[in-house]
Amino acid sequence: MVQLFDEKSGDLIGTITHEQLQFLLDQLEEEDSEDRDYYIDRTTLDWFEEHGVDPVLEAMLREAMGARDGMDIRWTRD
C-alpha cells in the first residue's frame, strides 16, 4: 500500500492503492524520477474529477485540503 502525507504538516492523509498512486503519477508533473511530492489545488482536483479519478481518492484529497486553496502532498510505499 501507499501512504499520502500533507507535506507541510507531515500529517497522514490516508492510504491509497497502487492504482490510485498510478493515476496521480500519470496526471502530475515530476521534477525527476525520484520525485515523491506534488502540489495540488482545487483546479487540479476538478481536473482529476473530469478525467476519472477514483472517488475515494478525490474525497480524501478534498478533505485533506480543507479550506486551503492548494497543498503539497508526498507519498511513500510500505
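Predicted model: local features only at pLDDT ≥ 70, side-chain atom pairs only at ≥ 80, totals over all residues.
**F23 and the aromatic pair**

I looked up F23 first. F23 is buried, at a relative accessible area of 14%. I take buried as under 20% relative accessible area, exposed as over 50%, and partly exposed as in between, with a 1.4 Å probe and protein chains only. Residues are numbered from 1 along each chain as its sequence is written, and side-chain values use heavy atoms, with hydrogens and water left out.

I then searched the whole structure for aromatic pairs and found 1. The rings of F23 and F48 have centres 5.3 Å apart and planes at 80°, so I log the pair as edge-to-face. F23 sits in helix α1 and F48 in helix α2, 25 residues apart, so the pair links distant parts of the chain. The ring rule: rings of Phe, Tyr and Trp (its six-membered ring) pair if their centres lie within 6.5 Å; planes under 30 degrees apart are stacked, over 60 edge-to-face, the rest tilted. F48 counts as buried, at 2% relative accessibility.

Helices and strands here are DSSP runs, numbered from the N terminus: H or I with at least four residues for helices, E with at least two for strands.

**Helix α1**

Which residues of α1 are buried? I list Q20, L21, F23, L24 and L25, in a helix that spans residues 18–27. I checked what they pack against: β1 (2–6), β2 (12–16), β3 (37–41), α2 (42–50), α3 (55–65) and β4 (70–77). Contact means heavy atoms within 4.5 Å.

**Helix α3**

In α3 I find L57, E58, M60, L61 and M65 buried. Their arc around the axis is only 165°, which puts them on the same side of α3. The arc is taken from the directions from the helix axis to the C-beta atoms. The face turned away from that buried side carries the exposed residues P55, V56 and E63. The cover over the buried residues of α3 includes β1, β2, α1, β3, α2 and β4.

I checked both ends. D54 caps the N-terminal end of α3, with a side-chain oxygen 2.7 Å from the backbone nitrogen of V56. A polar contact is a pair of N or O atoms within 3.5 Å; within protein, one must be able to donate a hydrogen and the other to accept it, and residues adjacent in sequence count only if both atoms are side-chain atoms. Just after α3, G66 takes a positive phi of about 60°.

L61 lies in α3. Its relative accessible area is 0%, so I mark L61 as buried. Leaving out residues up to four places away in sequence, L61 touches L4, L24, I40, L45, F48 and I73. L61 and L4 are 57 residues apart in sequence and 9.3 Å apart in space, C-alpha to C-alpha.

E58 is also in α3. Why do I count E58 as buried? Because its relative accessibility is 13%. With residues up to four places away in sequence left out, E58 touches L45, E49 and V53.

**Strand β1 and its partners**

I turned to β1. Of its 5 residues, 4 are buried, so β1 is largely enclosed by the rest of the structure. β1 and β2 run antiparallel, joined by 4 bridges. Two strands pair if DSSP finds at least two bridges between them. Q3 stands opposite T15 in β2. The β1 and β2 hairpin has 5 residues between the strands, and there G10 takes a positive phi near 80°.

β1 and β4 run antiparallel too, with 5 bridges. The bridge partner of D6 in β4 is I73.

I also noted a charge over a ring: the charged end of R74 sits over the ring of F5, 4.6 Å from its centre. The rule is NZ of Lys or CZ of Arg within 6 Å of the ring centre and within 35 degrees of the ring normal.

T15 is in strand β2. I mark T15 as partly exposed, with a relative accessible area of 38%. T15 touches M1, V2, Q3 and M60, not counting residues up to four places away in sequence. T15 and G52 are 37 residues apart in sequence and 19 Å apart in space, C-alpha to C-alpha.

T17 is in the loop between β2 and α1. T17 counts as partly exposed, at 27% relative accessibility. T17 touches M1 and V2, again leaving out residues up to four places away in sequence.
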